[in-house]
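Please look through the structure shown here before reading on. The report after it is meant for a reader who is new to it.

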Amino acid sequence: MPSLAQHKYLPCFHRQVYTSRPILYRARVYCATTTTTNSSPAGKLVIEPRLVPTQPVVVTAYNRPLDNDPSLQSTWSHRAWVVAGCTTLLISLGGSIKGAADLHLWVEPIIASYIGYILSDLGSGIYHWGIDNYGDGTTPFVGSQIEAFQGHHKMPWTITRREFANNLHALARAVTFTVLPIDLVCHNPTVQAFVGMFAGCIMFSQQFHAWAHGTKSRLPALVVALQEAGVLVSRSQHGAHHRPPYNNNYCIVSGVWNEFLDKHKVFEAMEMILYFKLGVRPRSWSEPTSEWLEDIEIPSRVPTQ
């Protein structure tokens, strides 16, 4: 029977541009075994040439998104949703503090806040995994976020140029619609502490995400200290998410869940369940394509006239 060696990923993981070399060819080598009656060898080596795909786009000063790109700027609508989200969080946390003071009850709200912070990291990872691997721009409610995250894989450095409200408005809108009804009907300080902390970390997770792509010299000293202490997801930990095989380190609040989830292959198990139940393959199973591989941002000198 014929046997064929297969590889999930191409051997080249970093996209580079060659300007002074001839076109390169990649060869697929496999061994085919057959049963014959003549005296020829039982196995033979077959080399199948394969032309390397067209060169990837290199992001230079001429074609990279500008700082004044409208898609990176905040609108008044974005700012309004961020204000609404922050107001909702303040109502929740303020109600928790007031209730705890009236009841002289502090231990339970503090513990609930800590649990909310820990679980928010897990929630960010599950959501990040979902929109990275399933759906597209036409998916109801979250299609725009799926497109944004797919674009982020291709040009991750653009998140550092995205304005604050532009980056947070989608999550702020979700927090407003989810947390505000809870604030109106629930006045338990422990519940409000949990909800306020959980929702606050989820809402600001995109900012933590942006900081994870920033350079240490350009980040505020407090942010760097929190990253190094493990309170916020670190730059090195999240950087692993943007390297092959692109299926790990999904959590973007503190990253405390990343090691456990990846070590125990939790997301891989969820992918298998969805595949056998619904027949849907995640993107992480596919060979990395231009949608996954990062464009390289390199400095470019303006040509002299």
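This is a predicted model: local features need pLDDT of at least 70, side-chain atom pairs count only at pLDDT 80 or more; totals for chains, interfaces and linings use all residues.

Residues are numbered from 1 along each chain as its sequence is written, and side-chain values use heavy atoms, with hydrogens and water left out.

The largest nonpolar core has 10 residues, among them V82, L89, A165, L168 and M203; such a core is a set of buried Ala, Val, Leu, Ile, Met, Phe, Trp, Tyr and Cys residues joined through side-chain atoms within 4.5 Å. The elements that give two or more residues to this core are α1, α4 and α5, and α4 gives the most, with 5 residues. Helices are DSSP runs (H or I, at least four residues), numbered from the N terminus.

| State in α6 | Residues |
|---|---|
| Buried | V223, V224, Q227 |
| Exposed | A221, L222, A229 |

Seen down the axis of α6, the buried residues fall within an arc of 100°, so they line one face of the helix; the arc is that of the directions from the helix axis to the C-beta atoms. These buried residues pack against α5 and α7, and α6 is followed by G230, whose phi is positive, near 85°.

Turning to helix α2 (residues 107–133), L119 is found there and, at 33% relative accessibility, counts as partly exposed.

Definitions and conventions
Buried means under 20% relative accessible area, exposed over 50%, partly exposed in between (1.4 Å probe, protein chains only). Contact means heavy atoms within 4.5 Å.
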